[in-house]
Amino acid sequence: MLLEVRDLRVEFRTRDGVAKAVNGVDYGVDAGETLAVLGESGSGKSVTAQAVMGILDIPPGRITDGEILFRGQDLLTLKEEERRRIRGAEMAMIFQDALSSLNPVLSVGDQLGEMFVVHRGMSRKDARARAVELMDRVRIPAAAERVRQYPHQFSGGMRQRIMIAMALALEPALIIADEPTTALDVTVQAQVMELLAELQREYHMGLVLITHDLGVVADVADRIVVMYAGRIVESAPVHDIYKAPAHPYTRGLLDSVPRLDQKGQELYAIKGLPPNLMNIPPGCPFHPRCPMAQDVCRTDVPPLYEVTHAGESDGGRGSACHFWRECLHGLDR
Ligand code: SF4
Ligand code: MG
């Protein structure tokens, strides 16, 4: 496994109390594989990624337990210097908002080139040539001219391509993309996502794709984990989840994705709000919003049950629902 997160726990200390943002998350991604991490805001999906990238180690965020294995080595036990080296050369992150991640007073060529100057010891001239190549690679038209321009001179979609180019520059083994297309128009979203998927295959990278939008992951992800209140509630090969979700929360998310064949119909919305992380409900944290909730759900925390089909294990599926069978077979409807 390229990256393996094991029983990760993260807290935030605030004036009002301790927010339990990540509560025992396990996931992994291999080289050449795309893992989608799905959840509403506050589900812990970004915080988990920030812990992996090592950009969480400053208060008030605190990793209280768990392991983050990169090529089998626990990053949490490494010296900061070694960690920084891995973070610079072997893993990269793409954020939602390219404009605030790019330096406004440096040309994109200088920013891209800087990666090669600092990490590869290239001359300015060679670095500039590599920057143009990279811009070509992410299909920015007229790269040789536009390399001199500043971030604000590019459209949102083009800026996100520049972010992808920055992430790719050192050919990392792992890329974490946190809502990489959320700020873009729908048509541009699809193009940028397609590009990212193509490069992921070509470079045989591991990709962790964080999103709140089930609509964007179907074509690009291999596996998917669904997070809620800092836990994984469902984990499965992507196509299984679309065919038949084994958790009511996943089903709610699926039912709220707009579909072309249902134009004009009102979209389903999961009732209520995600829980306050300083006061997570007892039992199943989803029970106040769950249409299938029973008494046991209010008292007993569901473990991640192995989802089986006709007694057979179903490609490493898991669901943290006491009633995953009923959900999977639609028996409750
Ligand atoms: Fe709903 Fe109960 Fe399953 Fe939680 S355990 S998702 S409340 S049915
Ligand atoms: Mg986020």
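The questions below take up the chain, its sheet, a strand, a helix and the ligand.

Modeller: This is a predicted model, in which local features need pLDDT of at least 70 and side-chain atom pairs count only at pLDDT 80 or more, while totals for chains, interfaces and linings use all residues. Residues are numbered from 1 along each chain as its sequence is written, and chains are lettered from A and ligands numbered from 1 in the order in which they are written.

Colleague: What makes strand 2 and strand 5 edge strands?

Modeller: Strands are DSSP runs of E with at least two residues, and helices are runs of H or I with at least four, both numbered from the N terminus. Two strands pair if DSSP finds at least two bridges between them. The open sheet has the order 2-1-4-5, with antiparallel pairing. Strand 2 (17-29) and strand 5 (73-74) each have a single partner strand, so one side of each is left without a neighbour in the sheet. Strand 1 (residues 3-14) and strand 2 pair over 10 bridges, and one bridge joins Phe12 to Ala19.

Colleague: What makes the pairing of strand 6 and strand 7 count?

Modeller: They share four bridges, in the parallel sense, against the required at least two. Met91 has Leu174 of strand 7 as its bridge partner.

Colleague: Which way do the residues of strand 6 point, and are they buried or exposed?

Modeller: Met91 and Met93 point one way and Ala92 and Ile94 the other, and all are buried. Buried here means 20 or more other C-beta atoms within 10 Å of the residue's own; exposed means 12 or fewer, and partly exposed lies in between, with C-beta atoms placed from the backbone. By that count, 40% of the 333 residues are buried. In helix 10 (residues 248-255) they are Pro248, Tyr249, Thr250, Arg251 and Leu253.

Colleague: Which residues come nearest to ligand 1?

Modeller: Cys284, His287, Cys290, Cys297 and Cys321, of the 13 residues around ligand 1. A residue is near if its C-beta atom, placed from the backbone, lies within 6 Å.
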